[in-house]
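Open the model in your viewer and keep the sequence panel beside it. This tour goes from whole chains to single helices, one selection at a time.

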Amino acid sequence: MKFASRLVSFDPAPGDRFRPISTPIYQTATFEQQHADSFGEYDYSRSGNPTRSVLEKHLATLENGTRGFCFSSGMAAIRTVTGLLRTGDEILADSDLYGGTCRLFSKVIDRNGIIVHYVDARAPEQCEQQITPRTKLVFVESPTNPLLHVIDLRRMAAIAHAHGALLCVDNSTMSPYLQNPLDLGADIVLHSATKFLCGHHDVTAGVIIVKDEALAGQIYFLQNAEGSALGPFDCFLLLRGIKTLKLRLDCQQRNALAIARFLANRKEIKQVYYPGLNEDSGYELQRFQAHGAGSVLSFTTGSVEVSKAIAEHAKFFHITVSFGSVNSSISMPGTMSHASVPPELQAERRLPPDLVRISVGIEDEEDLIADLDQAINLAISSQSSQT
Amino acid sequence: MSTYDPQDSTVAIHGGRSLDCHANSILFPLYQTSTFVHDAVGVDKGFSYSRVSNPTVDALEKVIGALEGTPPAVCFRTGMAAITTLLLSVLKSGDHAVLSDVVYGGTMRLFREVLDDLGITASFVDTSDATNVEAAITPATRIIFIETPGNPTLKLTDIEAVARIAKRHSILLAVDNTFLTPILQKPLELGADISVLSTTKYIDGHNATVGGSIATRDDKLLERIRLIRKTIGTTQAPFEAWLTLQGIKTLPARLRLHCESASVIARWLENHPGVERVYYPGLDSFPQKALAEKQQRAPGAIIAFELKAGVETATRAMNSVKLCLRAESLGGLETLITHPSSTTHADLDPKLRRGLGISDGLIRLSVGLEAPEDIIADLEQAFAAADSSNASEEVTHEIR
């Protein structure tokens, strides 16, 4: 079955005698027991809920995994993956990571004696050098947020496995439609489902998908013990959003490529970061391991003031954190989504202060380009009138 | 026992209202959004991303804080997410905690199977005797975590006495106040630093959501908990917060009825010839009745009891109820009946379980808002059915 069909062809309500097409929302904390000393399939919604089960199963299928788990946020999913580690263990992570992940690594798990080493995962030899016998987890995004670096996931899996570590890929910028890290050798794939999976900016959620049963058991244990599972209503909204994933992304991706080309041709734009452009250093690898370049892209202007003015003059592009929605958005990662990256790491990973990240939505392509065009013109003219 | 505070009803109904709610809706709107638009780069109207904060969740935090007598509380996806976030906020590798031996099984599991891997240790002691708390404190102890009344035998811990010990050692005292809520017991007024709630129970009151909250007057700690919550992403969802916000409005009224019914049922149980023992802080026979009167505003609505005839009969009685529902959890409108040794406390070592007074014949009742006469009639027929079906084991399974 092709992906578009898989998105809508699943059992929305297993065993339900009314045969609804849309999954019922089991908005309940507790389930009745058949007998005093035994439970049925469900007993307490923190531990399991029928609405959540449908979503978790569907997501596992879409990522070509066997078990899926939904969490109250993408960060709760990442926190759960770090829960597989114990004091003395190490993580090897790519240095271009979402700011919240960096904060988790530097403010929470370090207090428990877990050390994180950062590398530029585009250079596998750096990974080989930094990996140690204590490394239990290799953690990367691809394409990364916000610099859109493309990481060779097959290669990362080989390096991790040669050293007895697990590879976890944050697939939020791609969604299961464009990239399936488990097929490329990853052990754990996770998503901020707040992004493309939801697509409508109405749910905060996270997802973990794995293939290995033992690993699934550990993740389930933590999800239940730490109480981080997604609520039934949000599961329903996600199930609904996922049905249009391909429709949305096809359109968003078309728009993104047109915008990337437009920006690349504007002399005021210093550099465009988008692996869908032929001249991008990640272009070939992205074509090799994914089915598209997605709809998140970044660019620099050479001036923080000009970048800021573009963001503020754009009308279709709202200034917000997050990405992946039907609405276009614009942000400056250095002061917004990545503000929690420690300054020394910001410098080390060379996050340009004038970097602008845009997430392209489903608005009309011409409207979006015209909007960026006027925003750039205004930004440049207000800049030159000031000097 | 001191009386209910009539102000609490007003606070429960109006405490979450916000004057700047721009459409003047009586019910606070459900902000089902993950993201908020910024006015300019770096300039927002107080909300940016719902994992960090959300107006609907804020409204719930305001009302819980107002009831607890603290600044706005912090709300979480579940009660266990609240406890996980609290402990990750205050404990690091090498630290130690002292806990009641009767804390909720999930809290115990968190220490034994999650935090243990991170080099965090804990002592579980009988905190009903405060000297045990003092004796368990080590130089590495950072927090004392008690639950009173304890689950399921309702053993009480003297909050003021433990608070004095905590202060003397400069250690935080957290109280899991889920069984009573701030309507019936205000831990911060009794000297505790932190009040923890599973809002799944009485606060929501309708079994519609799972959630948790933490309240404290310590601004630095509050800030720390919010930082860790946004970092590990355990924030309550807007829809669950909205439902809880409606549920909490009737909390004081519901609890009054819950407690009235529970007192009637507890007395009936105590006088029943087939009942060996009843645990309920409102009964004269309850060993810590004086302490209950000192620190609680009412005895609560959880009752535990044992049948004289033992385990098999208890199980049969539970399988014979028709109105009461067999389910974990508590605090909802429906009366729930639970067999702790095979459900809520099944993970515990049997020896340890018996040490905590949880015999295999113990039954826990969360008294709901049905007519108490109907609940009593249901229990009566269930006890009778359990007795008469002694011979034929199969019959009981056909009932439901």
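Select chain B and switch to a cartoon view: this predicted model shows 15 helices and 12 strands in chain B. The radius of gyration of chain B is 22 Å, close to the 21 Å that the globule rule gives for 400 residues, so chain B is as compact as a globular protein of that length. Of the 400 residues of chain B, 57% count as buried. Now consider contacts in chain B between residues at least 6 apart in sequence: 72% of these join residues at least 24 apart.

**One helix of chain B**

Select residues 311-320 of chain B, which form helix α12. How many of the 10 residues of this helix are buried? The count is 7, and the helix is mostly covered. Colour the buried ones: B:A314, B:T315, B:R316, B:A317, B:M318, B:N319 and B:S320.

**Chain A as a whole**

Move to chain A, where there are 14 helices and 12 strands. A compact globule of 387 residues would have a radius of gyration near 21 Å, and the 21 Å of chain A agrees with that. The box filled by the C-alpha atoms of chain A, taken along the principal axes, is roughly 80 × 50 × 35 Å. Buried residues make up 58% of the 387 residues in chain A. Among contacts in chain A with a separation of 6 or more, 72% are between residues 24 or more positions apart.

**The two domains of chain A**

Where the two domains of chain A touch, 34 residues of domain 1 are in contact with 36 residues of domain 2. On the domain 1 side, the elements of chain A that give two or more residues are α4 (99-108), α6 (153-162) and α7 (175-178). Which of the elements gives the most to this side? That is α4(A), with 5 residues. By class, the domain 1 side of this contact in chain A has 16 nonpolar, 13 polar and 5 charged residues.

**The sheet in chain A**

Next, show the strands β1-β7-β6-β5-β4-β2-β3 of chain A, listed here in their order across an open sheet of 7 strands with mixed pairing. Why is one side of β1 and of β3 in chain A left without a neighbour in the sheet? β1 (67-71) and β3 (115-119) of chain A stand at the edges, and each has a single partner strand, so one side of each has no neighbour there. Look along the sheet: on average, neighbouring strands are turned by 20° against each other, direction ignored.

Zoom in on residues 188-192 and 206-210 of chain A, which are strands β6 and β7. These two strands run antiparallel and are joined by 5 bridges. Pick A:V189; its bridge partner in β7(A) is A:I209.

α3(A) lies across β1, β5 (166-170), β6 and β7 of chain A, and runs at about 40° to β7(A). α6(A) lies across β4 (135-141) and β5 of chain A, and runs at about 150° to β5(A).

**Where the chains meet**

Show both chains together. In the contact between them, 56 residues of chain A meet 56 residues of chain B. The chain A side draws two or more residues from each of α3 (74-82), α4, α8 (213-226), α9 (232-242), α12 (304-313) and β10 (318-319) of chain A. The largest share of this side, 5 residues, comes from α4(A). The chain A side as a whole has 16 nonpolar, 26 polar and 14 charged residues.

**Last stop: α4 of chain A**

Keep α4(A) selected. Is this helix mostly covered or mostly exposed? It is mostly covered, with 8 of its 10 residues buried. The buried residues of α4(A) are A:G99, A:G100, A:T101, A:C102, A:R103, A:L104, A:F105 and A:V108. Their cover includes α3, β2 (90-94), β3 and α13 (343-348) of chain A, together with α3 (79-90) and α8 (219-232) of chain B.

Note on methods:
Residues numbered from 1 in each chain as written. Chains lettered and ligands numbered in written order. Predicted model: local features only at pLDDT ≥ 70, side-chain atom pairs only at ≥ 80, totals over all residues. Buried ≥ 20, exposed ≤ 12 C-beta atoms within 10 Å, placed from the backbone. Helix = DSSP H or I, 4+ residues; strand = E, 2+ residues; numbered from the N terminus. Rg over C-alpha atoms; globule rule 2.2 N^0.38 Å. Contact = placed C-beta atoms within 7 Å. Nonpolar A, V, L, I, M, F, W, Y, C, P; charged D, E, K, R; others polar. Pairing = 2+ DSSP bridges. Axes fitted to C-alpha atoms, helices over the stretch in contact; angles between N-to-C directions.
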